[in-house]
Amino acid sequence: MSDNGSLITPALVDLHLAPADKAEALRALGQRLVAEGRVTDLDGFLADVAAREAQAPTGLGDGIAVPHCRSVHVTRPSLALGRSSRGLDFDAPDGRPADLVLVIAAPDGADDVHLQILASLARRLMDPAFTGALRTATDPSVVAALVDGGEAGPVPADAPATPDAPDAPGAGPRLVAVTSCPTGIAHTYMAAQALELAAARAGAEIRVETQGSAGSTPLDPAVIAAADAVILAHDVEVRDRGRFTGKPVVDAGVKAGVNRADGLVAEALALAAAGPAGPGAAAAAPVPAGRPEHWARRLRGWLMTGVSHMIPFVAAGGLLIALGFAIGGYGISSAPSVVGHFDWTSQQSWAALLFQVGAAAFGFLVPVLSGYIAYAIADRAALAAGVVGGAISVTVGAGFLGGIVSGLIAGLLVRWIAGWKVPRPVAGIMPVVVTPLLSVAVVGFLMFVVLGSPIASAMNALTDWLNGLSGTNAVLLGLLLGAMMAFDLGGPLNKVAYTFAAGALTTAGSAPDAGSLTVMAAVMAAGMTPPLGLALATAVRGRLFTREERENGKAAWVLGASFITEGAIPFAAADPLRVIPSAMAGSMVAGGLTMSFGSTLRAPHGGIWVLPLIGSPVLYLLAIGAGTVVTAGLVLLLKGLGRPPVPADAADPAGTLLTGTAV
């Protein structure tokens, strides 16, 4: 079979996948992709796969796993298939080891045709006849032909899988659904297929919108209007959720759409039978079907949505401001506007330009944080009140604390308004006129008159405290921030510490030794330490690590130096009880020493690449080095206790994999 345009070739099929370890199995299949020219950098690709695995397990159940990712290291949409007689643990919901492992690799900029092929494959994985054929085939060429679809060609990603399902008006209850997942390659389309099959079994009509990588065809407004209920099976925010206002909604994760499709359809039909939910029913925040989500988890999700949208403004604005100071000195903050005063040959003019563009970007930081917190709570209708509340927070001096408060108030207020029962003629203008008008007015009043001044006082107190930190207090704060940065390696607690530092950075003013600048320095040092420490550990005593971990260690040098804490995730995922405490100890040392030394940092990102912008750079590097050594030493100590090293003769000099090695 020619591989021209093919998703898979016989060389990408391993019918006797030997490794019993998931990571080694993924490496074995990844090496086949490299050998076929489908992947350019094995370690980079595996890191992208690991990052996707960290978001949510890719074990589907029934012995199937679909690890997948979009990666800049993939040259064309491809699939490598392995069949394991022993089974591999991919954290499937039914606990069954996966004997079929399909590694789906998509380029970062894959074209729609190839992505539709991947989407079609994902749908076919829900067909027992298809997966049964994959399990019984004895020839890799047969497997490749099955996956590529023979002569039939790709099935459009949004094509209904059940042509015999009721389709005529009045034939049965009508449902609409939206499915989406973080990568938009596999689970999005599997959930769509499962829901279509479940609806057919229940005698219902369903139309599914897949918001995936292969593009999305929005549901026809007439179809939505005629629907009796809505199913949202998603792990990322549903686009244009306001379309479903007034419809009963079943809201669940995308894996529930794959594994519990019959249950979701039954819930939707029960809601439809109970009658209309009232205007705004679909504007509520996502709650997994069958069990209410804990309020703390929902609050964390709302805050993380705001933070994730804010970080690009922080990084761009902060780095530009830092460059402005580096070129023009701290007095550049009082330079006149470059409008009408820009001199192409003047270094000070260029410094002022960098500073003023960065300051403009920083001006959006709090409004964006507030707006997207509100958006996460109550969708697009809350965005206006959130952004305006954040802007008022800046005006009254309430800063990022005010932005958090205004975002929460705006989102909860709009969510409450969306639940009002109003006459049908009014319901049509609620999302675009009434809700924004009322919410902006109320949030503006609260932030200007009631809450703004107390929060501004708290922010001023925080700023004064940071600027006055010295001695033991500063070291204790550095220890705490270090522990937070390493505890979940880029997760919510890490982001809380980073947001605290970035928010404090906005209050630093032009003082070159402001306490808030030392906080930013401590956070970045603590975030660099975990990957650097693990890289050092693999270099010092590689026999305690698998081949994959040793390869990841090489990449971790660059990731750690660039302040990408996530470079330690592959190590933590494989051995959390040893790696995470070691990383926390090293980060606490780095953070505490940085605060003790009084090192400062005005850039919110950059790692060693912004070293010229760091105050006391030699001591700063010393703090990072000490934390790196502590992390590496503890990892090696803990891994060495009661665990034999990888035998020297287990490593194949030809470059093949370690298999069956206890590490």
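Are Phe545 and Phe571 buried or exposed? Phe545 is buried, and Phe571 is buried too (buried means under 20% relative accessible area, exposed over 50%, partly exposed in between, with a 1.4 Å probe and protein chains only).

## Basis

This is a predicted model: local features need pLDDT of at least 70, side-chain atom pairs count only at pLDDT 80 or more, and totals for chains, interfaces and linings use all residues. Residues are numbered from 1 along each chain as its sequence is written, and side-chain values use heavy atoms, with hydrogens and water left out.

## Aromatic pairs

The structure holds six aromatic pairs (rings of Phe, Tyr and Trp, its six-membered ring, pair if their centres lie within 6.5 Å; planes under 30 degrees apart count as stacked, over 60 as edge-to-face and the rest as tilted). Phe342 and Trp344 pair edge-to-face, 5.5 Å centre to centre with 80° between the planes. Phe342 is partly exposed at 26%. Trp344 is exposed at 66%.

The ring centres of Phe545 and Phe571 are 6.5 Å apart. Their planes stand at 85°, so this pair is edge-to-face. Phe545 lies in the loop between helix H19 (515-540) and helix H20 (547-561). Phe571 is in helix H21 (residues 569-574), 26 residues apart from Phe545. Helices here are DSSP runs (H or I, at least four residues), and strands are too (E, at least two), numbered from the N terminus.

## The loop at Asp94

Asp94 sits in the loop between strand S5 (78-88) and strand S6 (98-107). Its relative accessibility is 42%, so Asp94 counts as partly exposed. Leaving aside neighbours within four places in sequence, Asp94 contacts Gly61 and Asp62 (heavy atoms within 4.5 Å).
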